[in-house]
Amino acid sequence: MNWLLRRLLGLWVRFKVRPDDAAVLLTGRSHPVCYVLERHSVTDLAVLQDACLALKLPRPGRRLPRAARELRSFFYLNRTRGFWNARPDRSPPPHLVQMIAVLRADPAADFDLVLTAVYWGRAPQKEASWLRLLLVEDWALTSRVRKFMQVLFNGRATLIEFEAPLSLRELLGEQLGEAARGRRVARSLRALYARRRAARIGPDLSHRRTIVNRVLRTRAVRAAVAQEMRARRLPRRKALQRARGYAWEIAANYSHAFVRFMEHALTWLWNRLYDGVVFGHAQTLEAVAQGNEIIYVPCHRSHMDYLLLSYAIYVNGYALPHIAAGVNLNLPVVGRFLRQGGAFFIRRSFSGNALYSVVFMKYLAAIMARGHPIEYFVEGGRSRTGRLLQPKTGMLNMTVRAYLRDPRRPVVFVPVYFGYERLVEGATYVGELSGRPKEKESIWGLLGSLRVLRQRFGKVYVNLGEPIHLRDVLDGGDPQWRTAAFDDDARVPWLGRAVDELAARIMRHINAAAAVTPVGLLAVTLLATPRQALSEGDLTRQVELYAALLRDFPYSDRVTVTDLTGAQIIDYGISMRLVAREPHALGSIVRMSEVSALLATYFRNNVLHLFALPSLVACAFTSNERVATEDIQRLAWRIYPYVAAELFLRWSEEELPRVIDGVLECLARHGLVEADAAPGIWRRPPPDSPQAMQLSLLAQATIQTIERYYLAVAQLVKAGSGTVSQAVLEERCQLTAQRMGLLYGLDSPEFFDRSMFGNFIGLLRARGVVRAREDGNLEFDDVLLRVAQDAQFVLSEQLRHSILQVTQG
């Protein structure tokens, strides 16, 4: 019978085995191997038997060595009683009891238990039938009819997963006699299965109403309801209805079937929009998925971010995260679908609504306690410039507090970098930066955006950054936090600093996982030229130089760099309509149009941080033929803190001297600087050499940032100490930058972005270079003037005069 079943299944079922090295993991064991299947299923056993034959592994159907003759090399952990009304049987499996008896009788004996999971409809591949979406793996007990349907419709998308072998004797420990009936071992194995299943398909999901009711029964929500009754003079029923309404507004309504439907739909969409979705460093999830509460913290470039990350996670075989989405996306019909995909909604502001705040925090704590992966954007909103925004710490603060109150599972933050080659919202972003009001989300706007399906958007890269363990951050805030008690009303003096450090670390780890695309390299290069044009030969050499610098002196081991040659990069840019080739008798010219150049600033800013330090060193040679190492180090020491805060660079100020030395040596290897005969002196290449032009273009990557700093300092010095507030200074800086753009053609949206000036002035205050008086006006001393002098060391005299002229005007 089993042989016939295997033959029938073999004609239909197609399976994928994980891990890839399962054959190495399970062959040549010193103790007999016994497979453990989670549920009683002859079809699962038959597929496992075929997989073991294919991989030349010990077969589950063979006799188990050292055991009774009737024992085979497998057993079912969870069994059922009854035929028509099956119910769980929680007694220890008889097979396990007999194996333990063997160990008691023979002190030298042992068995290797291999937990084996068979997921029908969970293998990461495209589905071809809509009915399959209704028959995917979940946590429910599966009936015989449903199992037949799963095999029929999902049998060609099956995943078989082997765990590392576990010693039965080690699981029993010293209490061999007490565990003779296997209860403790069975509980341990069930817990391991639960963690693995949660990592693959998500935790056990109760109905949405169950979670809402659990939130409303918490002590904190009941206290907030009582406060709402007193503050607004409401009857208890009315206050409870308001709290329940908030909970229903927030809560997700996750559906496995809907997610499988969306996998099918999104596969079609990505094939329509993109040339490929590249998921980088996926092995990161394998290291952290089991036993941890995962918080995905991606950068926010586009509305596509929500869908892309969930899709990439799901098709790689991991549980879909619950996503914190702005309540502005809770549109009719659309909001319902988003909830079924795992979205829960959050208002932009909690101010003045204590009840909503408490309900939301308790909902977040509830889904964390249940083991749901969570995703939210620490920037708060989408970046309109391509740079990372300053983090908003509200969600981080609530996450950390929820963990401190109930530290059940270790929390691990997984930063995520999105690298696009073209944005669906590109034209909208440029309009908003130019002063056009932000468009409000609506059904009509969504329908209007469908026209993008006719366009090409290149590849999109989803890179996972280095995980951040919350316990490590908390240890830095207070090493004794594990022994302290935290309740809802506790004020923790060190918590704010710890959350700020966590936020900064997340942003640095996002940037350290950047994807360098052909579009990004073309943008960095051509936007550094006055007319966004270069000869094809010069452009080829420059983009190849940038790629070589990133490989020779890597920013981090998670940065991915395109492997295209310079000529292929140019051809790719032409195919994407980013650049155009203009034939000429002396050699073709490659040029960006005015519109393309404006949009390309976004993609340049995505990777600008990777070139920040090489460019800053190159800036020292723009107005100086020979520069001492100590002058370069002083310039870097003075300017780096501001550039690092703006671009979230990964190195500390203590590491800076070593990094600058490494950059100089890298530039020297590529001929961009030369060691002078005098010790500690560096020279730029001869002016008529190709390397001189390459060094000049490299310097342009950050020269605009330094111009912006110099403009702000010049405005403050012109006004005088103690005469203007930060708000007034920011406005003057923005107007001056806009005027420079009109006069000198600096058509770069972030150059006159007021928030960039605000961040710089805020950092000057944080470092004590300027101070706010009681009346709010800013005062300064000679330290600010020294910052200006270092900027003069980098900026050409003509450029300094241009800035001062506009400032005076």
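Predicted model: local features only at pLDDT ≥ 70, side-chain atom pairs only at ≥ 80, totals over all residues.
Figure 1. Local features need pLDDT of at least 70, side-chain atom pairs count only at pLDDT 80 or more, totals for chains, interfaces and linings use all residues, and side-chain values use heavy atoms, leaving out hydrogens and water. The predictor's confidence in each residue, from 0 to 100, is called pLDDT; its mean for the protein chain is 84, and 84% of the residues reach 70 or more. Over residues 123-141, however, the pLDDT is below 50, and this stretch has 66 contacts in the model beyond near neighbours in sequence. A contact means heavy atoms within 4.5 Å. Taking contacts between residues at least 6 apart in sequence, 76% join residues at least 24 apart. You will find 32 helices and 25 strands in the protein chain; these are DSSP runs numbered from the N terminus, with helices being H or I of at least four residues and strands E of at least two.

**Figure 2. Helix α4 (residues 94-105) and its buried face.** This helix has 12 residues and reaches 17 Å from its first C-alpha to its last, close to the 16 Å expected at 1.5 Å a residue. The expected span is 1.5 Å times one less than the number of residues. Look for His95, Leu96, Met99, Ile100, Val102 and Leu103, which are the buried residues of α4. They fall within an arc of 150° seen down the axis, so they line one face of the helix. The arc is that of the directions from the helix axis to the C-beta atoms.

**Figure 3. Helix α9 (residues 219-232), with buried and exposed sides.** Ala220, Val221, Ala224, Val225 and Glu228 are buried in α9. Their arc around the axis is only 140°, which puts them on the same side of α9. Arg219 and Arg230, on the other side, are exposed. Among the elements covering the buried residues of α9 are α8 (208-216), α10 (236-250) and α15 (354-369). Just after α9 comes Arg233, with a positive phi of about 55°.

**Figure 4. An open sheet of three strands in the order β17-β20-β19.** The pairing is antiparallel, and two strands count as paired if DSSP finds at least two bridges between them. At the edges are β17 (533-535) and β19 (580-582), each pairing on one side only. Three bridges connect β17 with β20 (residues 589-591), and Ser535 stands opposite Ile589 in β20. Helix α22 (residues 536-552) packs on the sheet, touching β17, β19 and β20, and its direction makes about 100° with that of β17. Axes are lines fitted to C-alpha atoms, for helices over the stretch in contact, and angles run from 0 to 180 degrees between N-to-C directions.

**Figure 5. An open sheet of three strands in the order β21-β23-β22.** Antiparallel pairing holds here, and the edge strands are β21 (626-628) and β22 (674-675), each of which pairs on one side only. Strand β23 (residues 681-683) is joined to β21 by three bridges, with Arg626 opposite Arg683 in β23. Lying across β21 and β23 is helix α26 (residues 629-647), which runs at about 75° to β21.

Note on methods:
Residues numbered from 1 in each chain as written. Buried < 20%, exposed > 50% of the residue type's maximum accessible area, 1.4 Å probe, protein only.
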